[in-house]
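Here is my note on the model you sent. Please read it with the structure open.

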Amino acid sequence: TLLVGQHAIGGLIIVTNVRRALQLQPQLGTYSSQPTSSSSSFLVNPIATTFGDPSIPTKTKLVTAAFLLLFCTVLSPGSMMNAWLNTIRQSQPDLEVSETNIALFGSSSNLFGALATFVTPLALGTYRAGTLFQYFQTACIIAAVVSFYTVSQQGSNAGSLLTWGFLLPLAISRVGLWGFDLAERQILQANIPSEQQTVFFNSERGLTQAVSVAMTYLCYIFSDPSSFYVLVTVSGAAVLSSSIILSIANIIK
């Protein structure tokens with residue numbers, strides 16, 4: 001019942017914000033069949049398109065780089081995280097990581113992410129807004145990583161620390177992730193010429209897929225549950241590096 005309620009609330013939030021967006025910008029609900037000049041090329045270099053175009057501001061390129069780094073992570077609801085949690089649940093029953101807690105982690109992450117859509121429209125279009133959301137995500141991720149490394153030293157309190165010190169900050173961090181995601185979209189739309197946006201967004205999407213594939217390959221290399229700390233460290237470093245890049249972007253005028 002709780003899971004159904006969370007999904008229902010999350011769905012209601014998303015539908016409400018979609019309706020709000022359509023009211024503010026009715027053109028979002030229309031489709032144009034007119035091809036753009038940038039869509040005539042079937043072969044593009046994603047890296048050159050995303051980072052090599054001199055007409056795109058350096059700040060915008062840095063925001064894109066920070067966005068790409070966020071795909072280099074296992075600290076989110078997904079197959080790798082669920083596999084590790086299920087392994088811990090079976091091999092260390094004293095930690096009391098129940099199936100219910102694992103399911104709540106996934107649904108709560110989506111709920112917290114949806115909540116970000118209420119806050120983000122108030123500050124969309126500014127580099128500072130995206131940076132603040134990313135700082136918030138980074139703070140949550142750092143708290144989770146610290147808890148992850150201290151679980152083995154907590155004895156009887158390890159189960160509570162894993163649930164409240166590791167999984168809960170990861171779920172809450174989705175507010176920052178989704179907030180930055182929405183802010184990044186608005187920043188790109190405001191700073192990239194409209195005739196270049198189709199190719200740029202497709203190129204960026206291709207790069208995000210490439211980063212995800214690279215992270216998946218890393219997961220295969222360190223597939224043993226005892227090596228999960230390597231993936232957690234890489235993920236934490238990627239999120240922290242994203243915040244550093246955004247800080248640099250805010251310095252550039």
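1. A term first: two residues are in contact when heavy atoms of theirs lie within 4.5 Å. The model is a predicted one. Contacts below are meant in that sense.

2. Start with Trp-84, which sits in helix 4. Leaving aside residues up to four places away in sequence, Trp-84 touches Phe-148, Leu-162, Phe-166, Pro-225 and Phe-228. Pro-225 is 141 residues away along the chain, yet its C-alpha atom and that of Trp-84 are separated by 6.0 Å.

3. Is Trp-84 buried or exposed? Its relative accessible area is 10%, so Trp-84 counts as buried, the cut-off being under 20%.

4. Next, the second largest pocket. Its volume is about 700 Å³. The lining has 28 residues, and the closest to the pocket centre are Leu-70, Phe-71, Thr-73, Ser-76 and Pro-77.

5. Which helix gives the largest share of that lining? Helix 7 does, with six residues. At least two residues each come from helix 4 (79-91), helix 6 (127-150), helix 7 (158-191) and helix 8. By class, the lining of the second largest pocket holds 17 nonpolar, nine polar and two charged residues.

6. Last, the pairing of helix 3 (residues 58-69) with helix 8 (residues 194-221). Their axes come within 9 Å and cross at roughly 35°. The crossing is right-handed. Helix 3 brings Thr-64, Phe-67 and Leu-68, which meet Phe-200, Glu-204, Leu-207, Thr-208 and Val-211 of helix 8. This contact of helix 3 with helix 8 has five nonpolar, two polar and one charged residues.

Conventions:
Residues are numbered from 1 along each chain as its sequence is written. This is a predicted model: local features need pLDDT of at least 70, side-chain atom pairs count only at pLDDT 80 or more; totals for chains, interfaces and linings use all residues. Side-chain values use heavy atoms; hydrogens and water are left out. Axes are lines fitted to C-alpha atoms, for helices over the stretch in contact, and angles run from 0 to 180 degrees between N-to-C directions. Helices (H or I, at least four residues) and strands (E, at least two) are DSSP runs, numbered from the N terminus. A crossing is left-handed if the near helix is turned anticlockwise from the far one by less than a right angle, and right-handed if clockwise. Ala, Val, Leu, Ile, Met, Phe, Trp, Tyr, Cys and Pro count as nonpolar, Asp, Glu, Lys and Arg as charged, and the others, Gly among them, as polar. On a 1 Å grid over the protein atoms alone, a cavity is a set of points where a 1.4 Å probe fits but cannot get out, and a pocket is an open set with protein on both sides within 12 Å along at least five of seven lines; lining residues have an atom within 4 Å of a point. Grid points are joined across faces, edges and corners, and a volume is the space filled by probe spheres set on the points. Buried means under 20% relative accessible area, exposed over 50%, partly exposed in between (1.4 Å probe, protein chains only).
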